[in-house]
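Here are a few notes to read alongside the model. Have the structure open while you go through them.

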Amino acid sequence: MTATLNRPEVGTGRVVWFTGLSGAGKSTLASALYTELTARGERAELLDGDAVRENLSKGLGFTKADRDTNVRRIAFVAGLLAKHGVTVLVSAISPYAETRREVLAALPNATEVFVDAPLEVVTERDVKGLYLRALAGEIAHFTGVSDPYEAPESPDLHLRTDLISVEQGVARLLAHLEGGNV
């Protein structure tokens, strides 16, 4: 794939925000897209929800307020990077629709990507067994089981990762970023 992406104004990057349940494929798709973008010479950066929580949001719990604070911190960093011409790929569950709408509205050239897979699929993918423990009541406040996940009503792109390959997902992402609005 060698097409040129429609670049935003000089000095302004973009933010591609991957949201979905744990195990849906957000980080996998973001990482694959990052590889493709950097191979093309694009300035890109990954902000993975788990890494940010460990390094920037350490000490936050899993209450709604703490989850919203985490999402706002990610958005703040993403906005700084995008302001300097970087394409920022955020992969974070970001479970609450209102908070996602708020941060996406404040970000330059933001694209919301709903990475979607049914609960039974993400449970099968879960090598740590967290979904099974949450379903058994052993883990409280687990998004998609004992805490809500509010799916986007009209994301810019909806990728069903149980129905497409990573390569197909990246192709759809690139087509969207190139202006194809797939």
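**Notes on the predicted model**

1. Why look at Ser-94 at all? The UniProt entry, which is unreviewed, carries an "active site" annotation on Ser-94. In the model, Ser-94 belongs to the loop that links β3 (87–91) with α4 (97–106).

2. Is Ser-94 buried or exposed? Its relative accessible area is 3%, and because anything under 20% counts as buried, Ser-94 is buried. Setting aside residues up to four places away in sequence, the contacts of Ser-94 are Trp-17, Thr-19, Val-71, Arg-100 and Tyr-149.

3. Check the backbone here too. Ser-94 has a positive phi, about 40°, and is not a glycine. Asn-109 is also a non-glycine residue with a positive phi, in this case about 50°. As background, most residues other than glycine have a negative phi.

4. Where does Asn-109 sit? You'll find Asn-109 in the loop between α4 and β4 (110–116). With a relative accessibility of 40%, Asn-109 counts as partly exposed.

5. Next, have a look at Gly-20, in the loop between β1 (14–19) and α1 (26–39). Gly-20 has 0% relative accessibility and so counts as buried. Beyond its neighbours within four places in sequence, Gly-20 touches Lys-26, Ala-92, Ile-93, Phe-114, Val-115 and Tyr-149. Tyr-149 turns up in the contact list of Gly-20 and in that of Ser-94.

6. Finally, the helix pair. The axes of α3 (residues 64–83) and α4 come within 10 Å and cross at roughly 20°. Angles under 35 degrees count as roughly parallel, so α3 and α4 are roughly parallel to each other. The crossing of α3 past α4 is right-handed. On the α3 side, the contact is made by Lys-64, Asp-68, Val-71, Arg-72 and Ala-75, and on the α4 side by Thr-99, Glu-102 and Val-103. Val-71 is also listed among the contacts of Ser-94.

Technical notes. Residues are numbered from 1 along each chain as its sequence is written. This is a predicted model: local features need pLDDT of at least 70, side-chain atom pairs count only at pLDDT 80 or more; totals for chains, interfaces and linings use all residues. Side-chain values use heavy atoms; hydrogens and water are left out. UniProt positions are given in the numbering used here, feature names are shortened, and annotations may be inferred rather than shown by experiment. Helices (H or I, at least four residues) and strands (E, at least two) are DSSP runs, numbered from the N terminus. Buried means under 20% relative accessible area, exposed over 50%, partly exposed in between (1.4 Å probe, protein chains only). Contact means heavy atoms within 4.5 Å. Axes are lines fitted to C-alpha atoms, for helices over the stretch in contact, and angles run from 0 to 180 degrees between N-to-C directions. Angles under 35 degrees count as roughly parallel, over 145 as roughly antiparallel, 65 to 115 as roughly perpendicular and the rest as oblique. A crossing is left-handed if the near helix is turned anticlockwise from the far one by less than a right angle, and right-handed if clockwise.
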